[in-house]
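Subject: Structure handover

Hello,

Please find the structure below. My notes on what was found follow it.

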Amino acid sequence: MTGSEFNALLPLIVIAVSALIVVLQVAIYRHHLTSLILTLTGLVISFVTISIARASAPLQITALLKIDDFGLFFIGLTLVASVVVALLTYNYMKSREENREEFFIVLLLAVLGASTLVTSTHFASLFLGLELLTVSLYVMIAYLRTSEQPLEAAIKYLILAAASSAFLLFGMALVYAEIGTMEFSVLGTRLAESGGYRSVFVLMGLGLIITGAGFKLAVVPFHMWTPDVYEGAPAPVTAFVATVSKGGMLAVLFRYFIMTDGYSYQTVIIAISIIAVASMFVGNFLALLQRNVKRLLAYSSIAHLGYILVAFIAGGEMAADAIAYYLVVYFVTTLGAFGIISLLSDGGDEKVAIEDYRGLFWSRPWLAAGFTMMILSLAGIPLTAGFIGKYFVVTAGVGSALWGLVIVLAINSAIGLYYYLRVVVAMLSTSDEAEKLPEITVGGRIILGVLSLAVLYFGVYPAPLADLIHSMFSGLI
Amino acid sequence: MILVWLFLIPVIGGLLAWMIDRQSKTAARWISLIAVGLDFALAIYLWMQHFDQMSLMERGNWLVQVQYDWIPQYGVSFFLALDGLSLLMILLTGLLGILSVMASWTEIQERSGFFHFNLLWIIGGIVGVFLAMDLFLFYFFWEMMLIPMYFLIAIWGHENRIYASIKFFIFTQASGLLMLLSILGLYFVHHNNTGVYTFNYMELLGTSIAPNVAMWLMLGFFIAFITKLPAFPLHTWLPDAHTEAPTAGSVILAGLMLKTGAYGLLRFVLPLFPGAAATIAPYAMFLGVVGIIYGAILAFAQNDLKRLVAYTSVSHLGFVLLGIFAFNEIAMQGAVMTMICHGLSTGGLFILVGGLYERIHTRDMERMGGLWTTVPKMGTAAMFLAMASLGLPGLGNFIGEMLALFGAYQANITLTVFATIGLVFATVYSLWIIQRAFHGEPREQWNIKDFTGRHITIMAVMAVVLVWLGLYPKPVLDTAKPAIQKIEKSVRVQTMTKTSSPIENMTVTESSDVLKVEYENEEM
């Protein structure tokens, strides 16, 4: 390994090392707060080393990994999200579980998996990263092993994720059998030379890969697990599943499409378009029926992935910017929404029924304002980040003249409003239900405050983030 | 900078009112009143400052403008500009803002800080809509005013408020999204033509668009604006929202929010897509006439006094639509005049109904009757406003509707005849209000207090302004004139080229280049 390769891999190395350090720490001195601090230190150092890695980027390291701005951006995003999840988990586990320290080890491993995933340029590293992420997630979901719901959710996730991994693996094998390579870049040229997409094997393989990825992204028709897992998993873990796991998968899928020139294959694009439309409609319509906030957010996330897919299908430079901006927004808002749920669920059961939030506006105006902001951002209302995100996605769609998809998106935004507003209406109602909710710790308030400010800031003044994204992604296409 | 303050004052005032509410409710009310008062004063100052130039100014570029970068990489700028049309709308906003704060002085007791926050933010958003000359910014403000309005209806509304607020929100949001698509379509067409990404209104004006594309893009704007206006058949959110909203909400909805739709038609649909607008003009005028008659008939059929007033808005705004799409200066002047006078007279009626509701806790006209003897001052106010609403000569509404009809007559005689029938209907429903609520035998014994000084002041202001507009409308017409002429010219140029070369028209892309050239000359 050369020096520059080492530098480029530093973010990943730091994460791996911190996982080991936390293992050692737990063996020697079991202490919750220390584990948290070590984990956070690892995440922050890793984040700082991104700038070191950037100096030597873009760099292809063996055939497996490519450290470039695109990958580093998503690593950064993952790290920031993980910091929030770690903080939320600390608070959430404090009163719930005896052996809480190991959670952070698994969390770090999941982050490592996600980071590998977003930098992979090879089927092998893709699969490796994905499995590292997924296996860690099984543990994270089932971590509260004494209660029933998380276990149920974990089993469901285990079976479906394992099945989807099998699909993915089989798809890769079929492509490999026909083309003879697992490297994205070589794959692209060979496919173009041989007209490989006419081959049944390749098409089937690609179909299976999309199926496997679809499971991870929870898009229709591969979405069945989402509401149950969202509902059953501890709220901070749900936030992690919703953000890091989906974002990582989407990033690698985008890279795959760019590198193998997937956009020139109409069949595939049509298939993804159908998935996008179905996700938007099914997600939004089923969300209308929910009375449980976590399930509601699960269905809404299905719809949101449909929105992102519109930009994905659009392709091109604008699409990359749109996807990245939307993902950032989606990360912040989702973390905020689940953060509020997990912070309000101190001690006893999670507060997940919409009714639990009745009157929150009057008993806790600031908290309710924050929650409202997250919800409005998910709905894409101006002054919030969600609006700018949606605007970028629509721009990308219109830019590629995807009028049909864009109109479906507009219709769905209107449908979505209805259930988002229901949550807001509940908070506004003149009932004192919400007074039973527990107080939020100071740390929790800071997290929520920062996330709310981020939503506001990205919604009012998007130029810096858009600039950053644009400059990081300009080399991609 | 003064334009930024026009927008910022209500926004900051709203935040202050919310903050201070915990200490003192009265302070929150006073802060709101001062904020809108300041806004109004600023608008008056602008009017005075530019009054002479405005009437001299046949050239008609912006009176004041301010521009900052916002998202430069996507060509989005914070571009506010003011011409006569915007100025009139802002004056109306300031005046109605003051009146609506005054009208809710005693009505809103619960959570009044948050109430005033929402009220002032709506006003801020509306001011933004009237000033924004960057299409992205315009859309931003357009959507921004919805959320506080939604809260206003959903929290302080009457019985059926949740249904009404959600319906209002979804209607306006969905139509707004169509507009967003059109804005983006225009943005990309302009980029394909020139290689520049921009949302700047002035730069987009010259965009040449293939006729069929222009039609689709125009329809996106058109639907958004006539939903807000509202025109038949997209008006169904209005009766619910107006009826369920608290008084101040109804005043703002009827007086200002509906005007943003009309303003959008004048400012964006006509100048940006003159050809496509000319094509649909007969249909738009037809919708206007349907609205006039349909709104009037439904108004007559209501028992709920507030709902009745709500339906009269559909009818009055029909004249506005008719006037705008008649495509001549006099009709557009009429439309603008009607917008202002309708804002005042209908706003006044809502305040009256709100005052009545505060006293007798019903809006059902079956239970009223003979109120004149109990509350003569309210009766007088109602009489005056009803007269204004039916278009009595000497009051502003008369001027507006007459001008609109004069202009429409030149464009389409048949439709104008039907529109005129609407005036008769207006007489019927206006007198019907007086007859059922204030005249006749009292059906129930109400022991209630008459208007106090606060309401009398509100009504007096309305009356003075309406009489002034009815007798001496020249200042307003002069103020609007340059802006209107500019818009009218853009359409006329287009329709002329259309008729002169019907064959060429098939291939030629439509453009408002002529207008663009003029703008550029003016700026030198």
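How many of the residues of α13(B) are buried? In helix α13 (residues 305–324) of chain B, 20 of the 20 residues are buried, so the helix is largely enclosed by the rest of the structure. A residue counts as buried if 20 or more other C-beta atoms lie within 10 Å of its own, as exposed if 12 or fewer do, and as partly exposed in between; C-beta atoms are placed from the backbone. Helices (H or I, at least four residues) and strands (E, at least two) are DSSP runs, numbered from the N terminus.

Before going on, two remarks on conventions. This is a predicted model, in which local features need pLDDT of at least 70 and side-chain atom pairs count only at pLDDT 80 or more, while totals for chains, interfaces and linings use all residues. Residues are numbered from 1 along each chain as its sequence is written, and chains are lettered from A and ligands numbered from 1 in the order in which they are written.

Helix lengths

The expected span of a helix is 1.5 Å times one less than its number of residues. Helix α7 (residues 161–194) of chain B has 34 residues and reaches 48 Å from first to last C-alpha, close to the expected 50 Å. Just after α7(B) comes B:Gly195, with a positive phi of about 80°.

A helix pair in chain A

Helix α15 (residues 365–379) and helix α17 (residues 403–428) of chain A pack at an angle of about 175°, with their axes 9 Å apart. Axes are lines fitted to C-alpha atoms, for helices over the stretch in contact, and angles run from 0 to 180 degrees between N-to-C directions. α15(A) and α17(A) are therefore roughly antiparallel to each other, a label for angles over 145 degrees. Residues making the contact include A:Phe371 and A:Ile375 of α15(A), and A:Leu417 and A:Tyr420 of α17(A). Two residues are in contact if their C-beta atoms, placed from the backbone, lie within 7 Å. By class, this contact has ten nonpolar, two polar and no charged residues. Ala, Val, Leu, Ile, Met, Phe, Trp, Tyr, Cys and Pro count as nonpolar, Asp, Glu, Lys and Arg as charged, and the others, Gly among them, as polar.

Where the chains meet

The contact between the chains takes 22 residues from chain A and 23 residues from chain B. On the side of chain A, α17(A) gives the most, with nine residues. That side divides into 17 nonpolar, four polar and one charged.

A hairpin in chain B

Strands β1 (residues 64–71) and β2 (residues 76–82) of chain B pair in the antiparallel sense over seven bridges; strands pair if DSSP finds at least two bridges between them. B:Val64 has B:Leu82 as its bridge partner in β2(B). Four residues separate the strands of this hairpin, and B:Gly75 in the turn has a positive phi of about 70°.

Local backbone points

A cis peptide bond joins A:Val220 and A:Pro221, with omega about 10°. In chain B, the bond from B:Phe232 to B:Pro233 is also cis.

A:Ala401 has a phi near 60°, a positive value in a residue other than glycine. A:Ala401 lies in the loop between α16 and α17 of chain A and is exposed, with 12 other C-beta atoms within 10 Å.

Regards

Terms used: Parallel < 35°, antiparallel > 145°, perpendicular 65-115°, else oblique.
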